[in-house]
Amino acid sequence: MQNRSIIIDCDPGQDDAIGLLLAMSSPDELDILGVTTVAGNVPLELTERNARLMCDIAGRADVPVYAGCAIPMQRDLLTAENVHGKTGIDGIEIVEPEKQLEPKHAVDFIVDTLRSSEGNSVTLVPTGPLTNIGTAIQKDRSILDAVDEIVLMGGAMREGGNSSPSAEFNMLVDPHAADIVFRCGRPITVMSLDVTHQVLATAERRDRIRAIDNRAGQATAGMLDFFNRHDTLKYSSLGAPLHDPCTIAYLLAPQLFEGKQCNLTVETESELTMGHTAVDFWHVTDRPVNVQWMYEVDADGFYALLIDRLGRYRNG
Ligand code: BDR
Ligand code: CA
């Protein structure tokens, strides 16, 4: 597989953090130009700290981390400590990371990087509210020329909302930024709850992760143990859905997923259905296709990939 240049835009969050560990385990396929952080699961000062901590755990001091927007474009910030704990990554020991934060604002990093990149050469991988990406596009639309694809986690169709009856968390936090992204005209692949609710961190899978004898494996097992408590109760399921790593897994092994070209329009006006992703799955309108909507994943294949890649870290 060809090495792909990516920017991961995230709000760690245990599942974002595990996505970072998966990405950083795979330098032959993924050239991480930078990790940009946004407020979402927890406030910005925690999401950027948590991303830096993952760089320490992965032994990837070479990956730059930037802090971006602290509040959504138009709405008040909504956080999810009830799911992720006070720190965002409860379940592991939190220390001040050795990895330092870059001084540049994440939005400036995204804009400058894309301005200086060749056409269709950078993949954006957002796994949090889309505030940084929406703001970057608003600042300079010409940066889109450098974007070959956006692979994001967000939205829901068949699964319904997880943060309101109508909306998934990342969409609900910043629907206005999401609207900018979905209208941007570049290819977008969406890992929604319809897919992520299939990749459950069951006890058997968590045991296999716990058996990985390195820092990344132990951190992942610890974070999943915490993450599991809330979600297994909420969904009466055998394990928590591992949302955000689906984006990275898709980049590494697209054959694990099935999707369909659709129109997706996000609700930005109705308070009742704010952030709802209206997916024209059966092409009942003539709205133009703007996303590849993923709806099926080989969950065993996903966990085999995750466990194999986490096992590649050599920093015991
Ligand atoms: C999304 O919201 C957050 O809680 C997770 O990190 C994921 O990005 C799932 O709805
Ligand atoms: Ca996230």
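Me: Helices, of at least four residues, and strands, of at least two, are DSSP runs numbered from the N terminus. With that understood, where does S236 lie?

Reply: In this predicted model, S236 belongs to the loop between α10 and β8.

Me: Why is S236 called exposed?

Reply: A residue counts as exposed when its relative accessible area is over 50%. S236 has a relative accessible area of 66%, so it is exposed.

Me: What makes the phi of S236 worth noting?

Reply: Most residues other than glycine have a negative phi. S236 is a residue other than glycine, yet its phi is positive, near 50 degrees.

Me: How do you know that the peptide bond from P12 to G13 is cis?

Reply: The bond from P12 to G13 has omega near 0 degrees and is cis. Most peptide bonds are trans. G13 is placed in the loop between β1 and α1.

Me: Why are D11 and D244 called buried?

Reply: Buried means under 20% relative accessible area. D11 has 0% and is therefore buried. D244 has 3%, so D244 is buried as well.

Me: Why is the pair of F281 and Y295 called edge-to-face?

Reply: Ring centres must lie within 6.5 Å for a pair, and planes over 60 degrees apart count as edge-to-face. The centres of F281 and Y295 are 5.6 Å apart and their planes are at 90 degrees, so the pair is edge-to-face. It links distant parts of the chain, 14 residues apart: F281 is in the loop between β11 (277–279) and β12 (291–297), and Y295 is in strand β12.

Me: Which terms for accessibility apply to F281 and Y295, and why?

Reply: F281 has a relative accessible area of 5%, under the 20% limit, and is therefore buried. Y295 has 22%, which lies between 20% and 50%, so Y295 is partly exposed.

Me: What makes F302 and Y303 an edge-to-face pair?

Reply: The limits are 6.5 Å for the centres and over 60 degrees for the planes. F302 and Y303 are 5.0 Å centre to centre with 80 degrees between the planes, so they form an edge-to-face pair. Both F302 and Y303 are buried. The whole structure holds five aromatic pairs. F281, W282 and Y295 make up one aromatic cluster.

Me: How do you know that R158 and K260 lie over the face of F281?

Reply: The charge must be within 6 Å of the ring centre and within 35 degrees of the ring normal. R158 lies over the face of F281 at 4.7 Å from the ring centre. K260 also lies over that face, at 4.2 Å from the ring centre.

Me: What makes V83 one of the lining residues of the largest pocket?

Reply: A lining residue has an atom within 4 Å of a point of the pocket. The largest pocket is lined by 24 residues, and V83, H84, N162, S163 and F169 lie nearest its centre. The elements that give two or more residues to this lining are α1 (14–24), α3 (81–84), α6 (169–173) and α10 (215–235). The largest share, four residues, comes from α10. The space in this pocket is about 320 Å³.

Note on methods:
Residues are numbered from 1 along each chain as its sequence is written. Chains are lettered from A and ligands numbered from 1 in the order in which they are written. This is a predicted model: local features need pLDDT of at least 70, side-chain atom pairs count only at pLDDT 80 or more; totals for chains, interfaces and linings use all residues. Side-chain values use heavy atoms; hydrogens and water are left out. On a 1 Å grid over the protein atoms alone, a cavity is a set of points where a 1.4 Å probe fits but cannot get out, and a pocket is an open set with protein on both sides within 12 Å along at least five of seven lines; lining residues have an atom within 4 Å of a point. Grid points are joined across faces, edges and corners, and a volume is the space filled by probe spheres set on the points. Buried means under 20% relative accessible area, exposed over 50%, partly exposed in between (1.4 Å probe, protein chains only). Rings of Phe, Tyr and Trp (its six-membered ring) pair if their centres lie within 6.5 Å; planes under 30 degrees apart count as stacked, over 60 as edge-to-face and the rest as tilted.
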